[in-house]
Amino acid sequence: MENTQPLKNYRILDLSRIWAGPYCTKLMADMGAQVIKMESLRVYDSHRGPVTPAPGIAAYPDAEPGDEPWNRNGWFNCLHMSKYGISLELTEEPGRNVFEELVSISDVVVENFRQGSLERLGYDYEKLKSIRPDIIYVSMPAFGNSGPWKGYVAYGIGQEQLCGMAHMTGYENDGPMKSGINHGDPITGSHAAGLVLAALRYRRKTGKGMFVDVSQQESAVSLIGGEVISYQISGAEPERIGNHSPYFAPHNIYPCSGDDRWVTIAVTNESEWQNLVNVIGDPTLHSNDAFANNDQRMQHQTELDTLISNWTISQEMYDIVHRLQEAGVPSGPVLRGPDLLEDPHFSERNTFNNVNHPQVGPKWYPGFAWKMSLTPGQVHWPAPTLGQHNHTVYNEFLGLTDSEITKLEETGVIGTKPTGSRII
Amino acid sequence: MPGLLEGVKVIDLSRYFSGPYCTKLFATLGAEVIKIEPPHNGDPIRGYGPFASETSSIESGAWFLYLNTSKQSVTLDIKSQQGISILKDLVKSADILVENFSPNTMEALGLGYDVLHDINPQLVVTSISNYGQTGPYKDWKGTELNLYATGGLMNITGEPEGTPLKEGAPLAQLGTGQNAFVASMTALMYAEETGSGQHIDLAIAEYATNVLENALMQYSYSGEEYSRVGNRGYGRAAWGIYPCGDGYVGIIAGPDQNWPEVSTIMEREELAEEKYASRQGRLLYADEVDALMLPWLLDNNKVDIFKAGQEHGLGFSFVANMQDILEMEQLQARKYFVDLDHPIAGTLKYPGPPINPRTDISAWVYTRAPLLGENTEDIICERLGYSHEAFLSFRADGVV
C-alpha cells in the first residue's frame with residue numbers, strides 16, 4: 001500500500017524503550033512517519049519481556065510465551081505497529097559506523113536511556129550534529145539533561161508520584177493511589193511527539209535542527225499545572241476525595257447488578273438533578289431539603305450516595321446509563337477489557353484495531369489516537385519481530401550489500417535472536 | 001521572543017480543559033491564539049476556583065490562569081449573525097480552528113466543517129468531544145468521571161477490594177488536549193505541504209482506551225482480565241507506594257541485579273535472602289518483603305528515601321505534594337517555573353515548558369492569561385479592519 005500519510009516524508013531513528021518514547025513514535029508512525037526502531041540484541045526493549053519468562057504470564061497469547069517470547073509480548077506489540085524493527089550493537093566498532101550512517105539519513109533521533117548513556121558512547125548532540133547538521137535530537141531521561149537529579153532514574157509509576165498526580169488520587173481519608181497504568185509515560189510521549197513536529201516545522205522554515213531536552217517529570221507537572229497555581233492561591237494542598245468532585249454532587253460511582261459492575265453519575269446543575277430524581281422515580285427527593293441545591297447536596301453526599309446506590313444495585317449497568325442519558329444526566333458505564341471490545345460505540349468507531357501478527361495471530365489493539373478526515377491512520381504492518389527489518393533498512397535505506405550485511409550478522413553486530421537481556 | 005511556531009494562527013472556540021490545553025501548547029510555542037469567548041461570562045472554566053481575587057473571580061481562577069497563558073481573548077456572540085460573520089472573517093486567514101462543543105453544535109451554528117472548508121480550504125479543524133463526532137454515544141453527556149470510566153481506566157485504578165477510582169487531576173481531558181496538539185500539528189504540516197486542510201475528530205473517552213496499554217493487551221492476548229491492584233505494581237512486589245516518616249514513597253525493586261542494594265539501604269540482611277532475589281520470589285513473598293521494608297521506611301523521610309535509592313541506582317520516587325513541587329531542587333536548578341504577573345491575580349509561579357528545545361531562539365513564549373475580551377477591539381478593528389463605529393455598534397448589540 002502506498003503511503004500517502006501526512007508524515008511520510010519524515011524518518012525517525014528511535015532508540016527509545018518501554019513506553020514514553022515508543023508512545024511518542026507510535027503517534028507519528030500511525031500518521032505515516034518512517035520510524036526505525038533500533039534495539040540491541042543484548043539489551044532489547046524490556047517491554048518485549050524476559051528471554052525465558054516464567055510460564056503463565058498473561059501478556060503472551062493464551063499465556064504461552066512460545067519459542068520466541070520476545071516477539072509475542074502484547075505490551076510490546078501494541079506500541080510498535082508500522083515501525084521498522086532493526087537490531088544493532090552500538091558498542092561494536094562496525095555497529096558504530098552503521099549507526100552514524102543511520103543518523104545521516106534520519107530527521108529525528110529519539111532516545112530515553114538513563115541520562116548520559118548515549119553521551120558515554122560518544123554520541124552527544126554535537127557529535128550527531130556533525131554527522132547530520134540539521135538533526136533533531138530528542139533526549140528524554142527522567143529528570144532532563146541538567147540539574148542535580150539528572151543521573152537519577154524514574155519509571156512512569158514514579159513520575160505519577162513526583163509530579164503530584166498520585167498525591168491527589170485516592171479514596172477519601174486514605175493514602176495516595178497510583179493509576180492503573182504508568183500515566184507519566186504517555187503524557188511525556190505525547191508532549192514529545194508534539195514538540196518533534198514543531199521542531200520539524202521550524203527546521204523546514206529555517207533549515208536548523210535542535211537538541212530537545214525532555215524531563216519526563218517536568219512534562220507531567222506541566223500537564224496538571226493548574227493544581228500548582230491553585231495551591232499558591234489557596235494555600236491548601238489538593239485533597240483526596242475519591243470519586244467525588246470539589247464542585248458538584250452527586251458525583252460518584254455506584255454498584256450495579258453482577259460482580260464488580262459499576263455506573264458513574266455526575267450531576268453538574270439543577271436540571272440534571274431534577275432529571276436524575278425523575279429517573280429514580282422517588283418524588284420525595286424533590287422536596288427533601290437536604291438535597292434542595294448543590295450546596296446542600298455537597299453537604300449530604302454520604303446520604304445521597306447511599307440512596308443512589310440502593311437504586312442502582314439491582315439494575316444492569318448499561319440499562320441505567322441508557323435511561324439516564326435519555327433523561328440528560330451525565331453518566332457512563334465502568335467498562336472492563338471485554339466490555340471495551342464489545343461496546344457498540346467503540347465498535348462502530350473502530351476504536352480498536354484488529355491486527356494479524358505472524359507469531360501471535362489476529363488480536364485486538366488500541367487504535368489510532370484520533371481520526372483524520374483526509375489522511376486517516378493506517379496500520380502498515382504489525383509490530384516487528386526482533387531485527388525483522390534489518391535487511392530492508394540496511395540494504396534498501398543504507399545501501400549496504402548482501403555480503404556486508406552477512407558480515408555484520410556473522411560478527412554479532414546485527415541479528416534476530418537475543419544474546420541476553422536485562423529487564424526491570 | 002518569537003517562539004517555535006511563530007506565524008501560526010489559531011482560532012480557539014474551546015472551553016474547560018481539553019481544547020484549552022491543546023491551544024495553550026500552540027500559544028506558548030509562539031502561535032497566535034485568539035480565544036473566542038461568549039460575552040459576559042467567557043469560558044465557563046473562569047468559574048472554577050480557587051480564585052486569586054474574590055471580587056474579580058472571572059479573571060483569577062487558578063485553572064483558567066494556567067490554561068490560557070499567551071492567548072488573546074476576544075468576546076463574540078457566535079449565536080448572532082454578526083458574530084458568525086466576524087468569526088468567518090477570522091477563519092479566512094487562520095491555520096487551525098479548535099473547538100470542543102458537543103457534536104452538531106458547529107453545524108447548528110452554521111459553522112460546520114463544509115462551511116469552514118469553503119471559506120478556507122487549507123484550514124485544519126480540530127474537534128474534541130466526549131465520545132467523538134460519530135457513533136451511538138456521540139450525544140451522551142459526560143464529565144471527566146464518566147469518560148475516564150467508559151474508556152476503561154477507572155476499572156483498573158484502586159484497591160482490589162475497593163471501588164474503581166478516578167485519578168484526581170482531569171487527565172482524560174488534558175491528555176486528549178495533548179494528543180489534539182499532535183494531531184493538529186500533523187494536519188498543519190500536511191496542509192502547508194499540499195494546500196489541503198481537514199477535520200480531526202478526537203474523543204476524550206477514546207484517549208483513555210488509547211493509553212490502556214497493558215490492561216487491554218492482557219485481555220486481548222490471553223483472555224485474562226486485568227484488574228485493580230491498589231498500590232502494588234501488577235504482577236510485582238516491592239513495587240508501589242508505601243508510607244514513610246513524613247508521607248509516602250515509591251519503592252521500585254527492579255531490576256533484579258539491583259535488588260541486593262535494597263537490603264543495604266534498608267539495613268535488613270533478611271531482604272538479601274535467596275528467596276527474595278528474583279521478581280517471582282518477591283511476588284510469592286510479597287507481604288514478608290513489605291513487612292521487612294516498613295520499619296526503615298517509617299523511620300525515614302521521603303526525600304531521603306528517594307535519594308538513598310537513587311544513589312544506589314534504584315528508581316525510587318516519592319509522592320510529591322504541591323509544596324514539594326514548588327521547592328524541588330531539580331526544578332529550581334533547571335529554572336522550570338515562570339513568574340508571570342497578572343493585574344488581578346498578582347505574581348504567581350507558573351509551571352513552565354513541558355519540554356525544552358535548546359535553540360538559538362526562545363522556543364516558548366509566556367505571557368499571562370488575557371482578561372475577558374481584552375483583545376476584542378484590537379482584533380476586530382486592527383486585524384479585521386472594522387471601523388470604530390462598527391465596533392461600538394457590535395458592542396451595543398451585545399455581539400462583543
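Predicted model: local features only at pLDDT ≥ 70, side-chain atom pairs only at ≥ 80, totals over all residues.
Helices (H or I, at least four residues) and strands (E, at least two) are DSSP runs, numbered from the N terminus. With that in hand, select B:P50, in the loop between β2 and α2 (62–67) of chain B.

Residues are numbered from 1 along each chain as its sequence is written, chains are lettered from A and ligands numbered from 1 in the order in which they are written, and side-chain values use heavy atoms, with hydrogens and water left out.

**Stop 1**

Select A:A249 and A:P250. A cis peptide bond joins A:A249 to A:P250, with omega about -5°. A:P250 sits in the loop between α9 (225–234) and β7 (251–255) of chain A. Now move to A:I18. A:I18 is not a glycine, yet its phi is positive, about 65°. Its place is the loop between β1 (11–14) and α1 (20–29) of chain A.

**Stop 2**

Colour the strands by chain. Two strands pair if DSSP finds at least two bridges between them. An open sheet of 7 strands runs β12(A)-β6(B)-β5(B)-β4(B)-β1(B)-β2(B)-β3(B), with mixed pairing. The edges are β12 of chain A and β3 (72–75) of chain B; each has a single partner strand, so one side of each is left without a neighbour in the sheet.

Next, select α7(B). This helix packs on the sheet, touching β12 of chain A together with β4 (96–99), β5 (124–129) and β6 of chain B. Contact here means heavy atoms within 4.5 Å. The direction of α7(B) makes about 160° with that of β5(B). Axes are lines fitted to C-alpha atoms, for helices over the stretch in contact, and angles run from 0 to 180 degrees between N-to-C directions.

Which residue of β6(B) is the bridge partner of A:M372? Select B:I200. Strand β12 (residues 371–372) of chain A and strand β6 (residues 199–203) of chain B run antiparallel, joined by 2 bridges.

**Stop 3: the three-strand sheet of chain B**

Select β7, β8 and β9 of chain B. They form an open sheet in the order β7-β8-β9, paired antiparallel. The edge strands are β7 (239–244) and β9 (317–318), each pairing on one side only. Between β8 (residues 247–252) and β9(B) there are 2 bridges. For B:G250, the bridge partner in β9(B) is B:S317. Helix α12 (residues 286–299) of chain B lies across β7 and β8, at about 45° to β7(B).

**Stop 4: the interface**

Show both chains. The contact takes 151 residues from chain B and 154 residues from chain A. About 13,200 Å² is buried between the chains, 62% of it from carbon and sulfur atoms. Buried area is the accessible area (1.4 Å probe) that two parts lose on being put together, summed over both. In chain B, select B:E213, B:Y221 and B:M322: they lose the most area to chain A, together 7% of what that side buries.

Finish on A:D260 and B:R228. Their side chains meet in a salt bridge (2.9 Å, N to O). The term covers a side-chain nitrogen of Lys or Arg within 4 Å of a carboxyl oxygen of Asp or Glu. The count between the chains is 12 salt bridges.
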